[in-house]
Amino acid sequence: MAPVAALVRDVPDFPEPGVLFRDITPVLADAEAFTVVATELAALVGEADIVAGVEARGFLIGSAVAVVAGVGVVPVRKAGKLPRVAASRRYALEYGEATLELPEGVVTSGNRVFVVDDVLATGGTAGAACALLRDVGAEVTGFGALVELRALGGRDRLVGDVAVHSLLTY
């Protein structure tokens with residue numbers, strides 16, 4: 001994972017002063033690194049029927065993971081982006097609230113779902129995505145992220161609930 005980690009860029013003071021943003025765009029743009037990420041996360045999918053990619057970079061990573069794992073992919077979207085919604089889940093952010101939605105007729109009761117996102121930070125989005133999938137009767141088999149920001153404690157929101165995997169930790 002060292003070559004992948006070397007591609008992650010630190011962007012100080014983004015999106016606001018005092019925040020160190022971990023930019024994974026160079027990882028996604030590098031074919032070899034992106035293949036490593038997709039392959040490593042796909043190895044964790046196990047018996048899942050489908051991968052759920054969380055908006056927006058989770059779509060990119062989740063799609064690649066699903067192809068390598070040989071399963072389908074479903075997007076977990078921000079509110080207002082889907083023509084038909086199976087369920088929605090409101091959750092708290094550091095500076096407000098947001099809503100995630102699941103497309104109608106794609107994930108059904110009993111489906112086993114592996115959730116993928118780019119970064120696990122505070123765990124708000126990850127926890128909401130897992131809860132949303134459970135709302136429609138799915139079994140969340142695990143959560144995988146390229147980057148985990150351990151100091152923000154996001155893993156704690158999922159531990160005991162779902163197996164959490166991250167390829168890089170900061």
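**Exercise 1. Find the volume of the largest pocket and describe its lining.**

Step 1. The largest pocket holds about 1200 Å³ of space. A pocket here is an open set of points on a 1 Å grid over the protein atoms alone, where a 1.4 Å probe fits, with protein on both sides within 12 Å along at least five of seven lines; lining residues have an atom within 4 Å of a point. The volume is the space filled by probe spheres set on the points, which are joined across faces, edges and corners.

Before going on, note that this is a predicted model: local features need pLDDT of at least 70, side-chain atom pairs count only at pLDDT 80 or more, and totals for chains, interfaces and linings use all residues. Residues are numbered from 1 along each chain as its sequence is written, and side-chain values use heavy atoms, with hydrogens and water left out.

Step 2. Of the 35 lining residues, Phe 21, Arg 57, Glu 94, Val 119 and Ala 121 lie nearest the centre of the largest pocket.

Step 3. Sort the lining by type: 21 residues are nonpolar, 5 polar and 9 charged. In this scheme Ala, Val, Leu, Ile, Met, Phe, Trp, Tyr, Cys and Pro are nonpolar, Asp, Glu, Lys and Arg are charged, and the others, Gly among them, are polar.

Step 4. Now for the elements: β7 (112-120) is one of those that supply at least two lining residues each, and β7 gives the most, with 4. Strands (E, at least two residues) and helices (H or I, at least four) are DSSP runs, numbered from the N terminus.

**Exercise 2. Locate Gly 123 and list its contacts.**

Step 1. Gly 123 sits in the loop between β7 and α5, and it is buried, at 5% relative accessibility.

Step 2. Setting aside neighbours within four places in sequence, Gly 123 contacts Gly 154 and Arg 157.

Step 3. Finally, Gly 123 and Ala 92 are 31 residues apart in sequence, with 10 Å between their C-alpha atoms.

Note on methods
Buried means under 20% relative accessible area, exposed over 50%, partly exposed in between (1.4 Å probe, protein chains only). Contact means heavy atoms within 4.5 Å.
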